[in-house]
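Me: I would like to learn how to read a helix and its surroundings in a model, going through the features one at a time. Could we start once the structure is in view?

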Amino acid sequence: MFKPRIIVTGATGKTGSVVVTELLKAGYPVRALVHREDGRSARLKAQGAEIVAADMSDAERIAAALKDIQRAYYCPPFGPYMIQGAVAFAVAAREARLEHVVGLTQWLASPSHPSLMTRQHWLVDRLFSMVPGVAHTIVSPGFFADDYMVTMGACAHLGIFPWIFGNSRNAPPSNEDIARVAVAALTDPARHAGKSYRPTGPELLGADDMARAIGRAVGRSVKVVPTPAWLFMKAARMSGYPIDLFSGIRYYIDDHKRGAFEMGAPTTDVLDVTGRPAEDFETIARRSAALPRNQRTLGNWLREIVQFILGPLGPGFDLDRYDRELRSPFPSVPQFATDSKVWRREHATAETAKAAVPGRDKSISAIASRRQRLEF
């Protein structure tokens with residue numbers, strides 16, 4: 001039986017690599033689009049994927065990559081020019097007469113969010129929905145469970161779980177569940193075209209809940225340690241994370257504190273779409289704890305101790321300078337997701353209908369004021 005060829009962008013990433021693997025297991029021919037060929041792409045090739053290296057903003061290369069393709073998983077690169085790549089992909093999808101695109105986006109996506117990437121996600125969702133003749137399915141998770149695992153080393157070796165999100169909660173999904181939702185949509189477009197799914201974990205969890213689950217995974221007591229955002233940013237820079245990523249995360253921290261990820265969560269989308277229950281947080285934590293860098297060895301312990309001591313002493317990201325030099329557009333009235341009428345309407349639930357909490361307008365005004373100073 002003929003099966004359509006599917007292209008997967010971001011194929012070596014958190015969800016893309018799982019999408020490739022699951023599609024190959026199901027017998028679909030897969031073209032894996034990667035930024036460059038390396039050990040990760042070699043592993044996908046060994047599984048049977050066709051590898052194509054291209055920059056998402058290279059319209060001609062993207063058009064060539066979509067030749068003889070019927071369906072696509074679009075996982076956008078995280079960067080200031082993501083919108084250019086999305087337009088190039090949409091043009092190529094139209095010319096290639098794709099039948100279906102499954103797009104990964106953000107739960108926070110809204111038109112006036114202070115994060116450039118979040119505003120771009122909102123535009124890309126609408127762009128793909130407007131491409132004539134191409135069906136579109138949206139996969140819109142919030143913070144991944146994997147995002148909380150970046151401090152697994154500190155949990156395993158020092159017994160501390162740094163937490164920067166106040167008293168808020170989340171029902172974070174696994175990379176694998178997000179990917180399986182995308183695969184289900186790709187393999188059955190008739191059922192999923194025109195729909196939007198929000199994969200979540202099975203229950204809402206706060207900091208203490210996550211710390212207990214991680215503690216069981218690593219086999220020791222783990223204590224929540226409230227951590228200021230500036231210290232978190234310094235540690236992120238020391239660990240080699242790109243400034244592009246944290247230009248948005250600085251706002252997502254506030255979104256998290258405001259309860260944006262609690263709204264409407266948990267969902268049953270993972271079970272409804274895949275037929276399998278969503279993975280719980282402890283299962284995900286156990287996978288992370290099993291990684292070599294998180295094993296409780298002397299070398300790993302020394303690395304964590306050194307990072308813990310040097311973290312406060314190192315430089316952080318100069319995000320204001322980054323914004324100034326990038327000269328990115330900025331909304332005249334920036335709004336966090338929960339303050340946006342558009343976002344609340346598009347994420348219509350009983351929770352999102354609630355009034356904004358006191359104090360939000362002041363912080364938003366501060367963001368706009370700071371941005372105006374940067375532009376002079």
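Me: Which residue follows α4, and what is its phi?

Reply: In this predicted model, local features need pLDDT of at least 70 and side-chain atom pairs count only at pLDDT 80 or more, while totals for chains, interfaces and linings use all residues. Residues are numbered from 1 along each chain as its sequence is written, and side-chain values use heavy atoms, with hydrogens and water left out. Helices are DSSP runs of H or I with at least four residues, and strands are runs of E with at least two, both numbered from the N terminus. Here α4 is followed by Arg97, whose phi is positive, near 55°.

Me: Which residues of α4 are buried?

Reply: Buried means under 20% relative accessible area, exposed over 50%, and partly exposed in between, with a 1.4 Å probe and protein chains only. In α4 the buried residues are Met82, Gly85, Ala86, Ala88, Phe89, Ala90, Ala92 and Ala93.

Me: What do these buried residues pack against?

Reply: Contact means heavy atoms within 4.5 Å. The buried residues of α4 pack against β1 (6–9), α3 (59–65), β4 (71–74), β5 (100–104) and α5 (116–129).

Me: How many disulfides are there?

Reply: A disulfide is a pair of cysteine sulfur atoms within 2.5 Å, and by this rule the count comes to zero. As for individual cysteines, Cys75 is buried with a relative accessible area of 17%, and Cys155 is buried with a relative accessible area of 0%.
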